[in-house]
Amino acid sequence: MGSGPGESGGRRLPTFLLVGAMKGGTTSLFHYLGGHPQVATPVYKAPEFFVEEANWRRGIDWYRRQFPVTGPDVLAIGEASNAYTKYPRYRGVPERIAAHLPDVRLLYVIRDPIERIRSHYQTRLAERSERLPFADAVFSNHIYLDYSRYALQIEQYLEHFPRDQLLVITSEDLRSAREATMRRVYGFIGVDPDVMPPELDRDFYLTKDRAARSPIPLFIRKPLKRRFPVTRRFKEVENNTISVMRRVTGRSSGPAQRPPRVDISDDVRERLVAELEEDVRRLRGHLGPTFDGWGIA
């Protein structure tokens, strides 16, 4: 396999990658994957190695060290970096993956693209990295629409990988038919599909479990994340701690603790549909006629 998943001191490179989408349920899916006894994942969710602007310069040996030492009982190794489906902001990712991991299995979890945009905006608003009103923000900053153009992202990978190495699931199926969906996922990555992890009934990193603002200012968090990849998981740790505290104390969060709920007016929704419907049509071509297209196309 050339420079693919070889071994060095018991550490193997990934056999699967969870490539996104952002705000699509990747954190929950990452936990369901890591909870399977035949799967190994890094301690921290998003190494973002194959992004040139992130950790590509650190080299393949650095990347290998992000994964645990494993024995023959581990059949699949993988990581989750939703930056891998943020084209065109980050270019060249599929080519780099194919050069090092040509046989890797690719998982892509997608969500109603308008709901994904809403969630993305709410998070940025809560973090104070976004200050514009919803419509002004989403139509002036291309990241909101681009990260919801799932066919566009898939097509970057299909230039370098055969279609049978890519499994696309929806976050809606992950919520409503979780066990059946995870059987598909486990079978796809080559582990026992009849083994379910104990936390399969838990949703991770929900909006209701997130603090409206991190105690660490944004101007400090961003340099930390660039310089020290392990801090990328700080937000998840922080909010999981909040969730645990609520369960222990029996206290629910008040409205002030939650990111603000953003309503989308009919005319703004129509504009979003117009922007996204061609991509959703192409997505149906990739997923087949049973895909409902979220009523967009």
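Q: How many of the eight residues of helix 3 (residues 93–100) are buried?
A: Burial is read from relative accessible area: buried means under 20%, exposed over 50%, and partly exposed in between, with a 1.4 Å probe and protein chains only. Helix 3 is mostly covered, since six of its eight residues are buried. Helices here are DSSP runs of H or I with at least four residues, strands are runs of E with at least two, and both are numbered from the N terminus. The model is a predicted one, in which local features need pLDDT of at least 70 and side-chain atom pairs count only at pLDDT 80 or more, whereas totals for chains, interfaces and linings use all residues. Residues are numbered from 1 along each chain as its sequence is written, and side-chain values use heavy atoms, leaving out hydrogens and water.

Q: Which residues of helix 3 are buried, and what do they pack against?
A: The buried residues are Val-93, Pro-94, Arg-96, Ile-97, Ala-98 and His-100. They pack against strand 3 (16–18), helix 2 (60–65) and helix 7 (150–158), where contact means heavy atoms within 4.5 Å.

Q: What is the secondary structure of the protein chain, and what share of its residues is buried?
A: The chain comprises 12 helices and seven strands. Of its 297 residues, 50% are buried. Among contacts between residues at least 6 apart in sequence, 76% join residues at least 24 apart.

Q: In what order do the five strands of the open sheet stand?
A: Strands of a sheet pair through backbone hydrogen bonds, either parallel or antiparallel. Two strands are taken as paired if DSSP finds at least two bridges between them. In this structure the order is 4-5-3-6-7, with parallel pairing. Strand 4 (39–40) and strand 7 (166–170) stand at the edges with a single partner strand each, so one side of each has no neighbour in the sheet. Helix 9 (residues 178–189) packs on this sheet, touching strand 3, strand 4, strand 5 (76–80), strand 6 and strand 7. The direction of helix 9 makes about 165° with that of strand 7.

Q: How many bridges join strand 6 (residues 105–110) to strand 7?
A: Five bridges join these parallel strands. One of the pairs is Tyr-108 with its bridge partner Val-168 in strand 7.

Q: At what angle do helix 1 (residues 26–34) and helix 9 pack?
A: Axes are lines fitted to C-alpha atoms, for helices over the stretch in contact, and angles run from 0 to 180 degrees between N-to-C directions. Helix 1 and helix 9 pack at about 65°, with their axes 11 Å apart. Leu-29, Tyr-32 and Leu-33 in helix 1 meet Arg-178, Met-182, Val-185, Tyr-186 and Ile-189 in helix 9.

Q: Where are the cis peptide bonds from Gly-20 to Ala-21 and between Tyr-87 and Pro-88 located?
A: Most residues other than glycine have a negative phi, and most peptide bonds are trans. The bond from Gly-20 to Ala-21 is cis, with omega near 5°, and Ala-21 is in the loop between strand 3 and helix 1. The bond joining Tyr-87 and Pro-88 is cis with omega about 5°, and Pro-88 lies in the loop between strand 5 and helix 3.

Q: What is the phi of Lys-23, and where does this residue lie?
A: Lys-23 has a positive phi of about 65° although it is not a glycine. Lys-23 lies in the loop between strand 3 and helix 1, and its relative accessibility is 15%, so Lys-23 counts as buried.
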